[in-house]
Amino acid sequence: MGTRVAVLPVIHGSGDYALAVRRWMLEHDFDCIAVPLPESFRRPVEHAVRHLPVPSIVLQPPGPGFDVGADAGDRSWQPDQWSSETPWSEAGEEADDEDDLDQEPYSFVPVDPCQPVITAIRAALGEHIPRAYIDMETASFQPQSAILPDPYALKHVSPERFAAAVLPSIPRPPDRQTLQRLAHMAWQLQELEQRYQRILFVCNLLHWPWVRQAFTDTYQRPVEGDAVQTPETYDVDPRTLNFLFGELPFITGLYERARAELGDDENLSIDGLKELFLASRDSYRADFGRRARPVTPLLLSQCIKYIRNLSLMERRMTPDLYTIITAAKQILGDQFALHVVERACEYPYEGPVSDQTVALGVEQCRFPDGQVRDLVSRLPGPSTMWKTVELKRRPTGKEKQRWQYSWNPFRQCSYPPEDVQIENFRTRVFDRAQAIIGSDLARTEKFTTSVKDGIDIRDTLRHWYDQQIYVRVVPPSGGKLDACVMLFDSPADPRDYPWRTTWFAEHDDESTMAFYATDFREEMVGPGIGMSVYGGAMFLYPPIVIPEIWTDRRLDFVDSLEERLLAAACLHARGRQIALVSSLPPGAGWRRLAKRFKKQLVHVPLGSFSSAEVQQLRMAHVLNGTEIRSFAAHFIRKA
């Protein structure tokens, strides 16, 4: 606009546009920076900007200001406000006006490091460049927003090309106030032209064509602004920063870290997502320890690919928080997604909680006195849609203590869905062990009239000189498996698994089960719901009644938890073979133990099963009575 004014249209709340503003100010020399904020916001906004990277919010109450010797926000009654001659109708109208004013939203400026306007003010303060606040004062602010293209396109196109591409779709402002504000900003720019040679105007992408049109038109001085109240600066509750920032608080923290360390921040909108997942993986492992499912680079790459596909389906180049959580939940489970949410909402430069701290919500805030008011942003970003995603939350320490105190030690039962899951796994182990027994008895013979169980390629190639085909014969295995031992943690430390017991079947489809596990009372997940982790377990199916193996004196000759399970299986099994699931094959000592009872161990490698499935199987929930089963699903969460 003109020869002295350069306009940089931006999308508010975008880290990519904040980088574009910084780049423009480094590549060009300006002697004045004009921003689309009223003059009344100058002092509180610049005071808050000087305290960055600690975020804050500048709030302006609605309604006109009063010059009666009191603070601008003082709306107390004055002696001459009503007189005895004031008609009741007029008094009622004034009261109605007061009620309407109480319903008007506060306008605010988010002092966010990723706001392009805040970036311009911050850079101008650092370079001692004059700032001009050229927007019109409005007692009741009406914002304008729209669905805009993803600012990530600035990685490949210049801001000029981006603005030119969006220009045909920019609508004319629909309300009178916005038109008056644009005319006021154009007039202010004309006034600035008289004093400065090179002016940078950072404005909303939706406003720049109409500001330019008003700038080039000939017109009278625009209407004056309203009398307004003085804005105030407040700290923001760290738990609600997601409602203040345009980018995720974690990504915003990465931008500030790169600024402090002079690091590369050009691709943080995408590379920051990878750092978010790595930080979530570390906190997830620290929370669940050995119970955590393996978060491999392959799973993380699948999750990021899923995020990319969901973003493209929504016609975006960068994901929002809902897309990130959805992908993490689908690929890595609820608990990893919960850690992603917690890390995404963390900001490393949080300020201390003071008496001037407000808690933010969806277009609302709660003041320190408990008053809740609606909010409207002076720097509105693109239109957003708030969505909900269901994640089971983590119980607090006080809740765990209360649940532990109310536990009845004389009542406990299992969680049926987990019983079905582990019984299905036991059936698979039996089938796999049965196949291993049959493969040990397999033999090869010359092909005559049938290929039997398939051509044996090895023997066929070995006897290629006599031009004969050899086939494989697998005879049916004799006997039937009725005992299985699963050793998930071997060698097991007895101090890690203090809970050792034997459970009997509730119906014919369940096994008699003996196991050692962690103490479920140390990990309460709900009222009457504790969680334990199996170290090892023994299954007898069909179920039979046996003595408690952990107090049976016939088994006192063994020294470890694993050997006691093996000895109990050998003692009570009716078949000759016993399926053993472990990470390593049984050693000579375990084979001698089985031989003592005239049994044979059939080893099924634990690594032949999915590690994620095994990790889920090891988590067992103990309920304080069968009535807990009716609501246990609302509290039980898997790693």
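**Reading strands, core and contacts**

Six bridges join strand 19 (residues 577–582) to strand 20 (residues 600–605), and the two run parallel. The model is predicted.

Me: Which residue stands opposite leucine 580 in strand 20?

Reply: Histidine 603 in strand 20 stands opposite leucine 580.

Me: What is the strand order in the open sheet of four strands?

Reply: The order is 1-6-2-5, with parallel pairing. Strand 1 (5–10) and strand 5 (131–135) stand at the edges. Each has a single partner strand, so one side of each has no neighbour in the sheet. On average, neighbouring strands of this sheet are turned by 30° against each other, direction ignored.

Me: How many bridges join strand 2 to strand 6?

Reply: Three bridges join strand 2 (residues 32–38) to strand 6 (residues 199–204), and these strands run parallel. Take isoleucine 33: its bridge partner in strand 6 is leucine 200.

Me: Which strands does helix 1 lie across?

Reply: Helix 1 (residues 15–27) lies across strand 1, strand 2 and strand 6. Helix 1 runs at about 160° to strand 1.

Me: Where do nonpolar side chains tend to be in soluble globular proteins?

Reply: They tend to be buried together. Now the case here. The largest nonpolar core has 61 residues. Those with the most contacts inside it are Ile33, Val45, Ile121, Leu189, Leu192 and Phe201. Helix 4 (residues 116–127) gives the most to this core, with six residues.

Me: Which residues does leucine 192 touch?

Reply: Set aside residues up to four places away in sequence. Leucine 192 then touches Cys32, Ala34, Ala132, Ile134 and Ile199.

Me: Is threonine 512 buried or exposed?

Reply: Check its relative accessibility against the cut-off. Buried means under 20%. Threonine 512 has 1%, so it counts as buried. Its place is in strand 16 (residues 512–517).

Me: What is threonine 512 in contact with?

Reply: Leave aside neighbours within four places in sequence. The contacts of threonine 512 then include Trp503, Phe504, Phe539 and Ile544. A polar atom of the threonine 512 side chain lies 2.6 Å from the backbone oxygen of isoleucine 544.

Methods:
Residues numbered from 1 in each chain as written. Predicted model: local features only at pLDDT ≥ 70, side-chain atom pairs only at ≥ 80, totals over all residues. Heavy atoms only, no water. Core = buried A, V, L, I, M, F, W, Y, C linked by side-chain atoms within 4.5 Å. Buried < 20%, exposed > 50% of the residue type's maximum accessible area, 1.4 Å probe, protein only. Contact = heavy atoms within 4.5 Å. Polar contact = N/O pair within 3.5 Å; in protein donor to acceptor, adjacent residues only side chain to side chain. Pairing = 2+ DSSP bridges. Axes fitted to C-alpha atoms, helices over the stretch in contact; angles between N-to-C directions.
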